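Colleague: I'm new to this one. Could you walk me through the charged pairs and how you decide what to call them?

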Amino acid sequence: MPVPKAQFHDLKDRAVLVTGGGSGIGAALVEGFVDQGARVAFVDIDERASLDLVERLAIKASTAPVYIPADLRDIEAVKKAAQTAAAALGALHVLVNNAARDDREPLESVTEESWDESQAVNLRHLFFMSQAVAPHMREAGGGSIVNFSSIAYLLNMAEIPAYATAKAAIVGLTKSLAGKLGQDNIRVNAILPGMIVTERQKRLWLSDAAIAGMQERQCLKRSLTADDLVGPCLFLASACSSGMTAQTMIIDGGAL
Ligand SMILES: NC(=O)c1ccc[n+]([C@@H]2O[C@H](COP(=O)([O-])OP(=O)(O)OC[C@H]3O[C@@H](n4cnc5c(N)ncnc54)[C@H](O)[C@@H]3O)[C@@H](O)[C@H]2O)c1
């Protein structure tokens, strides 16, 4: 059964920036915000997927999303992307820090370089993008930042020490940013997805046995998809959650 689409009326015309919006969960989030009538920009390194998404959404939306090509491992590019988004959309009100790359790398293989690379792609840009966007949110009178963590760091998964570290740190980052930015009416929350069956996940990591194993573990006996994250993310972005900050929301079908 398809996940029903929510409507949050305060998100209409809101200026929204999504990182990693070109494919996977991020693309579903971009579409979710576009469906609200929000004005959306997204950053992604994958130009082909991103341009395809813009083309697809331009057909159905009055305002097509703005694609900002950038590599979020480059902090100057992160800052520039925030400025480009604000210049295109006006004072930003919502930031979704979604981009990541869940490479597997066992303990024995991790090097200084691969460790730093993992933190750069999975953690560092969330801080610097939030830092760059916060002044625009102050200008807008407040805002909402949604950080994508993962339940992976709670599952004792052996093959992802650097990724799990980054995803755990995102919860700490979320709470610290919330502590600082609350005085400016900027809320900061995190979403922890469980196993979300995307095309990329199926191509790279998810065997039929792994999917069946997770369904067995979950309370809900179906696979979750990117659409399962859209409603929760819109809710955190909307003033419907205006009393909620420094929190984590687990969307895992009851796996934990
Ligand atoms: N899919 C899952 O099962 C799952 C589970 C738990 C958490 N999550 C989290 O949800 C978020 C989205 O996951 P996903 O499965 O859609 O990931 P994905 O890999 O399918 O998509 C990530 C997007 O980020 C972009 N990206 C990657 N590196 C980039 C860089 N350096 N600069 C700019 N863009 C870059 C990619 O091009 C891609 O469009 C991530 O934070 C991930 O950790 C996913």
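This is a predicted model: local features need pLDDT of at least 70, side-chain atom pairs count only at pLDDT 80 or more; totals for chains, interfaces and linings use all residues.

Colleague: What makes Glu117 and Arg73 a salt bridge?

Modeller: Their closest N and O atoms are 2.9 Å apart, and the rule asks for a side-chain nitrogen of Lys or Arg within 4 Å of a carboxyl oxygen of Asp or Glu, so the pair qualifies. Glu117 sits in helix H4 and Arg73 in the loop between strand S3 and helix H3, so the bridge ties together parts that are 44 residues apart in sequence.

Colleague: And why is Lys79 with Glu76 called a salt bridge?

Modeller: Here the closest N and O atoms are 3.9 Å apart, and the cut-off is within 4 Å, so this pair counts too. Lys79 and Glu76 are 3 residues apart in helix H3, about one helical turn.

Colleague: How do you know whether Glu76 is buried or exposed?

Modeller: Its relative accessible area is 53%. Exposed means over 50%, so Glu76 gets that label. Lys79, at 32%, is partly exposed.

Colleague: How many salt bridges does the rule give?

Modeller: The count comes to 15. Some link up: Lys5, Glu31, Asp35, Arg56 and Lys60 form a network of salt bridges.

Definitions and conventions
Residues are numbered from 1 along each chain as its sequence is written. Side-chain values use heavy atoms; hydrogens and water are left out. Helices (H or I, at least four residues) and strands (E, at least two) are DSSP runs, numbered from the N terminus. Buried means under 20% relative accessible area, exposed over 50%, partly exposed in between (1.4 Å probe, protein chains only).
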